[in-house]
Structure formats: C-alpha cells, structure tokens
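Okay, thanks for coming, everyone.

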Amino acid sequence: MRFREELILNIRAPREAVWAAFQDFSSWPSWAKAIKEVSRVGTAWRFRARGQPPVDLVWVAEATERQAPEFLKFQSVPGVAHNLELSGWLRLSETEDGGTHMELLVEGHPHYDSPLLDKAADWYASVFGEPNKLLKVTFEQFKDHLEKMHGHHELSVSTA
C-alpha cells in the first residue's frame with residue numbers, strides 16, 4: 001500500500017529553531033511518542049517507530065538536497081535493511097509574526113520480507129490509517145515541542 005501525506009503547520013518558533021530541531025534526529029524519541037529509537041547509519045539515519053503489530057516501522061533515510069534553513073529533500077537509502085521506503089521534502093518559510101510556516105510531503109510504502117506480513121500490514125493500514133496517522137501525530141508533537149521551548153503552546157495541524 002502506497003501512501004502520501006502532505007502536512008502544513010504554522011509553528012510559533014523561529015525558522016532557524018524549527019530547522020535545527022527537525023534535523024536533530026537523535027532527540028526525536030524524547031518528544032515523539034511513536035519514535036522508539038534513532039541511530040546513525042553512515043551518512044543516513046535509521047528510525048524505528050511503533051507500527052502495525054507485531055512489526056515496528058523501520059526506515060533509513062538521508063538528505064539528497066539541503067538549502068538551510070529553507071528546504072530539505074530526503075529519501076530512503078537503497079540496500080540498507082528497512083521495511084518502509086520513503087521520500088519527500090520539507091519547506092520552511094518565515095511568517096510575519098516571526099514564526100515558521102512548515103510544509104512537509106512524505107510518500108512511500110511499507111514492505112516486509114513475508115507476503116503474509118505485507119497483506120496484514122496493508123489491511124491494518126487501510127483500517128487504522130497507518131502510516132499517515134503516525135506522521136500527523138508525530139508532527140503535532142514536533143510543533144508542541146517547539147512551541148513549549150519557545151514559550152507558546154497551541155496545537156493546530158491541517159492536511160492539504
């Protein structure tokens with residue numbers, strides 16, 4: 001099952017702070033409840049998140065284009081063990097009130113070594129909305145984390 005999720009958030013924190021927090025992958029498990037662990041794999045990062053039982057979602061991705069602090073394009077690293085292929089981009093722009101307008105696009109598909117697990121994952125995703133739901137919840141927590149750090153606290157996420 002392929003998925004595509006586009007999120008738009010307005011975060012009440014400076015763009016440079018949002019850029020830095022997004023790329024501070026080792027800190028993600030401290031604020032994202034679904035992210036179990038993040039580790040370095042060469043020039044890429046390996047993420048393990050709570051996924052469809054009984055299997056966690058694992059992806060290994062690296063930046064393919066970076067224009068700090070405005071744009072980041074990323075994709076899965078071929079040939080590295082994982083069960084979630086993904087690609088996408090992040091775009092940050094400053095808002096008039098000194099906050100950050102964030103656009104995030106993530107596309108991909110989970111895949112497993114077992115055809116039975118693949119079918120079970122497709123069924124689970126169709127019923128419970130994974131991994132789209134995982135992305136929405138994670139970035140609501142990202143926004144909340146940043147706004148707490150910068151003295152603001154109000155959640156709002158829209159899906160484009």
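So, which residues are linked in a network of salt bridges? That would be Lys36, Glu37, Arg48 and Asp56. By salt bridge I mean a side-chain nitrogen of Lys or Arg within 4 Å of a carboxyl oxygen of Asp or Glu.

Quick housekeeping before I go on. This is a predicted model, so local features need pLDDT of at least 70 and side-chain atom pairs count only at pLDDT 80 or more, while totals for chains, interfaces and linings use all residues. Residues are numbered from 1 along each chain as its sequence is written, and side-chain values use heavy atoms, with hydrogens and water left out.

Side chains of opposite charge can pair when their charged atoms come close. In this structure there are 10 salt bridges, and I'll pick out a few.

Let's look at helix α4, residues 132–149. Helices here are DSSP runs of H or I with at least four residues, strands are runs of E with at least two, and both are numbered from the N terminus. Lysine 143 pairs with glutamate 147, with 2.9 Å between the closest N and O atoms. Those two sit four residues apart in the helix, so about one helical turn separates them.

Buried or exposed, then, for lysine 143? Buried, at 2% relative accessibility, and glutamate 147 is buried too, at 0%. The cut-offs are under 20% relative accessible area for buried, over 50% for exposed, and partly exposed in between, using a 1.4 Å probe and protein chains only.

Over to arginine 4 and glutamate 6, whose side chains meet in a salt bridge at 3.6 Å, N to O. Arginine 4 is partly exposed at 48%, and glutamate 6 is partly exposed at 22%.

Last stop: where's glycine 98? You'll find it in the loop between β6 (84–94) and β7 (100–110), partly exposed at 45%. Leaving aside residues up to four places away in sequence, glycine 98 touches Ala13 and Pro14, where contact means heavy atoms within 4.5 Å.
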